[in-house]
Amino acid sequence: MGENGSFWLPEAASTIAPEVDALFYFVYWTSILFFVGVVGFLIYFAVKYRRKDHSFVPPAFHENKWIETASIVIPTILVLIVFTWGFKVFVKMYAAPPDAYEITVRGKQWYWEYEYDNGVVVPNEVHVPIGRPIKLNMSATDVLHSYFIPEFRVKHDVLPNRYTSLWFQVDEAGEYQVYCTEYCGTSHSAMLGKLIAEPEAEFQRWLSDQNADRPPEELGEILVASYNCAACHSVDGSRGVGPTFQGLFGSERQFEDGTTVVADENYLRESILMPAAKIVETYPPAMPPSYSSLSARELDGLIAYIKTLQ
Amino acid sequence: MHASSAAAPAVHYLNNEKTIKSWITTVDHKRIGVMYLVAVSLAFLAGGILALLVRTELAAPGETIMGPDAYNQSFTLHAVLMVFAFIIPAIPAVMGNFVLPIQLGAKDVAFPRLNLASFYIYLIGAVIALTALVVGRVDGGWTFYAPYSTSVGNGVLFITMGVFVMGFSSILTGLNFIVTVHKMRAPGLTWSRLPLFVWSIYATSIVQVLATPVIGITMLLLFLEKLVGIGIFDPALGGDPVLFQHFFWFYSHPAVYIMILPAFGVISDLMGTFSRNRVQGYKFVALSSVAIAFLGFLVWGHHMFVSGQSAVSSIVFSLITYLIGIPTGVKVINWVLTMYRGSVWLQTPMLYALMFLITFSIGGFTGIMLGVLAIDVHLHDTYFVVAHFHYVMMGGNVIAALGGLHYWWPKMFGRMYNETLARIAALLVFIGFNLTFFPQFIMGSRGMPRRYYDYLPEFEIFHQLSTLGSYVLGVGLFMILGYGIHSLFRGKKAPANPWGALTLEWTHTDSMPDPHNFHHTPVVTRGPYDYHLAPELFNDGVSGDGAGESAPEIVHRDTSEA
Amino acid sequence: MAQPAAGQPAHVKHYFVSSDQQFDAAKMGMWLFLITEILLFSGMFVAYTVYRVWHPEVFLAASDLLDWKLGGLNTLVLLGSSFTVAFGIQRIQKGDRKGLLINLGLTLLCAGIFMLIKYVEYAGKFEAGIFPGANFNPTGTYHGHDMADYADILFLPQFFSIYFVMTGIHGFHVLIGMGIFIWLIIRSYKGDFSPEYYTPIELSGLYWHLVDIIWIFLFPLLYLI
């Protein structure tokens, strides 16, 4: 972002964004005006009436009712304008158009999972068609998350016990950053996703491609990237929150309780599905059980990929 | 009874008894105030060191000095310490305790033993909260949003218990002050002659008494949620996390006023004294504080515009938020106007007051932005919010507290501090503060979420500026600590009224005050800022800038008791 | 520091001008404290209301599991103790120290009976596996109801969480009250109180009435409706 945005705001990519920005800059410039006024008078008074004679006592000063009244009435009018304006845009943001294309979003520690109406499930990288409203129906499976795309000026909390939603429409193809903005634990800051907006035809092609067969190692590599595994597990041997994947398969694992085991397929499988079952020595039990919904094919892919990292 | 006129060393509140026992069992509000000063300064130091660690970690993307879990715990503990152990008690418990009874012309607060009890309760609470560090993870941010807060280690048990206990201290202090203001005023001290500091502490106390029990029960429920799984907030057990947020903000928004209202009081007194002028709109400033204390209970939902509460409630909360914003803005205008045709003396306390007007205004204007529904959706939970509340909390409360501390320092310890060093430190604090937090506005509105251990490269420059600023701020604050300690031992003896102020602590007590404050109960005959009615103070010029002149003789107005 | 100002009775602290000022201050402080107590409980009443509005049928079913007879008896016991406190204050105003002692003793007794009945209620519930929240695991029969019917009612654990938290905190207040009454009995036995000075009894009485009033709200909300 940045290159298309202004000093204060990122690129305005959604249809609602320009309306939010106009309001932002209205409040911004009004505030600047008042602020300069306040600070200007402050400096002027501090200099002009600076104490020169220590025995000088100013005469009693009578309050000016006009200033008093004006300083209440003018801001009141201004904030009522701003409130009404903000309220209108908010209502527009709140109510999705009925013809919106709907995608189910699930927030998990620490990735986003998307499900399309044809049953395709993808992690973290979501494709959407441009030129039509998109509605995300969101829920969380563990703790609170919040779905935020700065370029679209939309955000909504994602909760475990109810559905929330947000909608947007993008008219230009592009790639946008998705953040989680509700604190959700160790890798909160790595819960980053991508949103790829593309023309309808390309989008449909992508969607149908998702069912294509891939070799397991390749699938595993894609999954490791898209689930953000690297936020905790490096693939180059360096130490992270969790153990590295490099050389993991076949190595002897030393656990907190003193036992050891050689890392085979079953061990990897268990560590992905039930991360708390065995904790490798010197590492915190930080991994959440968010990955238990992986399909058997995805698991095979992950294990096959880890095997390749020797 | 001046230090200069008495042959033997004067008896004052610090030297009348010297044993350790006389300190730990003291019921003297002044000593309790000093003990609070030490305690909250330690909390500020601990919270400040954590803040510097957090900023250092963020100096570069990726791991800089600590891992994500250590980082997450650092910002959580920083916030908990700063909010509950430092800002909430800072002005009311330190300056309120020391100054309020004297400004009222009372010998003590209404319930001195209860006052001492609140201090110990505060200490116990702080210790319990700190135990969490030893026992386990302190994670989840200071808001403790369920269910995350109940899903991590046992540290949260101690933190919530600590906050619960510190809450009682806050309640008892507030209760004590309300009764003291109502029942202990000196003859002639009518409500319309109360110094604005008293008014603001009074308003604060109302919020403390009304709001704190709610955080008490919220923390207790969260504690039980973690301990036995009562299922009120945890969705896995059928509870509702949004209900927790309502409970939490029902206290924590009014708590914002517990933090800022005392600052309004300090600033009012400073503006009046150092402009030698009546505070403009006295009645407005006084009564709007009380009004804000009550209205503050009706706006908690503006923290939850994107949380899943209904749109209608968001709209209502947004509207009421503005209603509170306006009187606050008018106060700023009143303070600026107080200098008009006055005699403005730019001593260190006044520099802090002017600084406050600038930083607090920025905090206020960005607050208006955040109150606009559509804009808040974008800015919520980004660094913009972080910057906003630091401008209000630190740029408001802490700057005012520093101003108040420099103002009442001579009264508290009978010594002046080095004015030159104090001005340099004030400048460092101002520059450091703005350098730390202003870049956070920019990265926030560009989309940088808060509570992030790591960040994308495009935000690096802002994070680096911010980290640099935090070091400058740290240097400024340590400098204050340095010349403060120096002043305690080597500072020039302070006259009774170095600033030529008109409130009772300056006109009717020595620096330092007698153990019973006054030799005779004072009789109040004029308003707190009626400088034009106090010719006796200014006939020969007032010194006390620490530069060498001797203090003028104060005409005590202590007519004998009826 | 301890001696009162000249010409004031012994119980007046030095920082007060008069006995009246001291009494007014104490009374105002107590009322403020009672307000904080009400707000503490109101947080729990809000939780109660929210869950009741969301799941009224659960609350209806759950109140069957509470014994309104025991609850009602406790209401009477607590009401009675409020009267004895009031009588005690009236006695000391007339200078009757023995009457005061008797009434304070009766109050303490009532509070004890209240806690005893509470214990019986709690013990029965724990035996039937009725614990708050996550530990809710009903077994056997309780109070003539087959607990198997209740095992699968959603949000029933929440009701009992609220029930135990509210009555638990209320019970804790009763215990504190008992401590206060023991202290008052010792002081009045030593003859500290007189028609001129009985502030601690008056204030403790206020506290006790509040504890009573809160129960009067809890009883119908939990047991009856």
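## Domains of chain A

The C-alpha centres of domain 2 and domain 3 of chain A lie 26 Å apart. The structure is a predicted model, in which local features need pLDDT of at least 70 and side-chain atom pairs count only at pLDDT 80 or more, while totals for chains, interfaces and linings use all residues. Residues are numbered from 1 along each chain as its sequence is written, and chains are lettered from A and ligands numbered from 1 in the order in which they are written.

Chain A is assigned domain 1 (17–50 + 60–94), domain 2 (101–209) and domain 3 (216–308); such bounds come from an automatic or database domain assignment. Twelve residues of domain 2 of chain A are in contact with nine residues of domain 3 of chain A, contact meaning that the C-beta atoms of two residues, placed from the backbone, lie within 7 Å. On the domain 2 side of chain A that touches domain 3 of chain A there are four nonpolar, five polar and three charged residues. Here Ala, Val, Leu, Ile, Met, Phe, Trp, Tyr, Cys and Pro count as nonpolar, Asp, Glu, Lys and Arg as charged, and the others, Gly among them, as polar.

## Two sheets in chain A

Helices (H or I, at least four residues) and strands (E, at least two) are DSSP runs, numbered from the N terminus. Two strands pair if DSSP finds at least two bridges between them. One open sheet of chain A has five strands in the order β3-β2-β1-β5-β8, with mixed pairing. Its edges are β3 (121–123) and β8 (164–168) of chain A; each has a single partner strand, so one side of each has no neighbour in the sheet. From one strand to the next the twist averages 25°. Strand β2 (residues 111–115) of chain A runs antiparallel to β3(A), joined to it by three bridges. A:Tyr114 is placed opposite A:Val122 of β3(A).

β6 (residues 145–149) and β9 (residues 174–180) of chain A pair in the antiparallel sense over two bridges, and A:Phe148 stands opposite A:Tyr179 in β9(A).

The axes of α2 (residues 65–94) of chain A and α10 (residues 311–338) of chain B come within 9 Å and cross at roughly 155°. Axes are lines fitted to C-alpha atoms, for helices over the stretch in contact, and angles run from 0 to 180 degrees between N-to-C directions. α2(A) and α10(B) are therefore roughly antiparallel, the term for angles over 145 degrees.

The crossing of α2(A) and α10(B) is right-handed, that is, the near helix is turned clockwise from the far one by less than a right angle. Residues making the contact include A:Ile72, A:Val79 and A:Phe83 of α2(A) and B:Leu319, B:Ile326 and B:Ile333 of α10(B). The contact residues divide into 15 nonpolar, six polar and no charged.

## Chain contacts

Chains A and C do not touch, and their nearest C-alpha atoms are 13 Å apart.

Between chains B and C, 30 residues of chain B are in contact with 27 residues of chain C. α6 (155–183), α7 (196–228) and α8 (241–275) of chain B each supply at least two residues of the side that touches chain C. α7(B) gives the most to that side, with ten residues. This side of chain B comprises 20 nonpolar, seven polar and three charged residues.

Technical notes
Angles under 35 degrees count as roughly parallel, over 145 as roughly antiparallel, 65 to 115 as roughly perpendicular and the rest as oblique.
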